[in-house]
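Please read the points below with the sequence and the coordinates open beside them. They take up a strand, a helix pair and a sheet in turn.

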Amino acid sequence: KTTIDKIAAGEVVERPASVVKELTENAIDASSTAITIEIKDGGNSFIRITDNGGGIPADQVRKAFMRHATSKIRTVDDLVQIATLGFRGEALSSISAVARVECITKTPEALTGVRYWVEGGKEIEFEEIGAPSGTTMIVRNLFFNTPARAKFLKSGMTEGNHVAHVVEELALSHPEISFKFLSNGQSRLYTSGNGNLKEIIYQIFGRDLTRELIPVDKKTELMSIHGFIGNPGAARANRNFENYFVNGRFVKDRILGKAIEDAYHGFLMQHRFPFTLLYIRIDGTKVDVNVHPSKMEVRFSSQEEIYHTLCLALQNALMQRER
Ligand code: ADP
Ligand code: MG
């Protein structure tokens with residue numbers, strides 16, 4: 001079991017940031033309303049994710065750490081219409097194959113919780129303990145048993161920056177969840193979870209961008225688009241500020257990126273790029289997220305209609321501003 005998990009881990013677990021992403025997505029899938037992410041040494045030595053979600057029932061904890069154990073897909077229909085962020089059942093088995101993992105979890109119904117300890121895929125301890133409802137995952141000494149992989153870990157500073165970036169994406173993608181991020185004991189990000197997009201933009205991108213935001217709200221039979229786009233005057237030198245989420249998932253997509261940039265055509269100088277924060281919802285049967293393990297890519301079945309709807313919505317918003 002362990003060897004194959006170590007191999008599989010290569011796809012899911014590349015660095016501390018990928019661990020944080022997977023564990024935080026699990027917390028989001030568990031309907032948490034508050035998630036705390038703590039790292040030390042960029043996450044190389046210590047990662048702790050605490051959530052107040054549904055927890056894992058005691059008799060399911062061991063299973064959750066097995067390969068392809070997912071509680072999220074039950075039927076073929078679910079596979080077609082994936083509503084949760086996770087669905088492969090690979091993260092916990094992969095992470096625990098290459099690190100020391102401690103899981104403390106309790107469901108709201110249970111009187112006591114469970115503390116489960118796994119190192120390099122081997123169970124060390126399973127005990128009943130008192131715990132608040134929700135789940136805490138602690139990941140220590142990433143790649144302690146795969147020295148070849150450990151060599152590729154960068155300094156705490158560099159890995160910590162990757163983690164910070166992932167946390168920002170997650171916080172942006174879920175304005176209704178309160179996120180707290182601490183690095184080496186210092187608070188680096190806090191969002192209230194009250195859904196106020198301007199407040200989150202301010203927190204993450206600073207005052208400059210918050211000043212001139214153009215609201216976008218468009219709903220068609222196929223999709224809905226909600227969020228803010230930046231004033232052309234606040235254009236950026238790179239694409240890093242084009243944020244868009246498809247059904248709650250942060251993605252980079254050629255079609256959506258093109259629709260955004262084409263909408264700004266004539267509004268921006270060459271080699272300048274807009275700020276956007278757009279929440280796009282598309283009928284789940286028309287989006288395929290099962291393309292790549294990192295799940296950053298999506299595939300659409302009505303590409304053209306999606307392109308046109310988005311492009312037009314943004315153009316309209318930009319014109320409105322002109323008047
Ligand atoms: P996936 O997310 O693809 O289902 P994972 O390996 O990430 O697979 O997680 C395995 C299972 O463990 C999940 O399906 C879920 O049932 C459970 N789980 C993991 N993390 C949490 C959490 N924070 N809260 C509640 N359940 C969790
Ligand atoms: Mg998962």
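1. A residue is called buried if 20 or more other C-beta atoms, placed from the backbone, lie within 10 Å of its own, exposed if 12 or fewer do, and partly exposed in between. By that count the number buried among the eight residues of strand β5 (residues 122–129) is zero, so β5 lies largely in the open. This is a predicted model, in which local features need pLDDT of at least 70 and side-chain atom pairs count only at pLDDT 80 or more, while totals for chains, interfaces and linings use all residues. Residues are numbered from 1 along each chain as its sequence is written, and chains are lettered from A, with ligands numbered from 1, in the order in which they are written.

2. Strand β4 (residues 113–119) runs antiparallel to β5 and is joined to it by seven bridges, with Val-114 opposite Glu-128; strands are DSSP runs (E, at least two residues) numbered from the N terminus, and a pair needs at least two DSSP bridges. Two residues separate the strands of this hairpin, where Gly-120 has a positive phi near 50 degrees.

3. Helices α2 (residues 16–29) and α7 (residues 156–173), which are DSSP runs (H or I, at least four residues), pack at about 25 degrees with axes 8 Å apart; they are therefore roughly parallel (under 35 degrees).

Terms used. Axes fitted to C-alpha atoms, helices over the stretch in contact; angles between N-to-C directions. Parallel < 35°, antiparallel > 145°, perpendicular 65-115°, else oblique.
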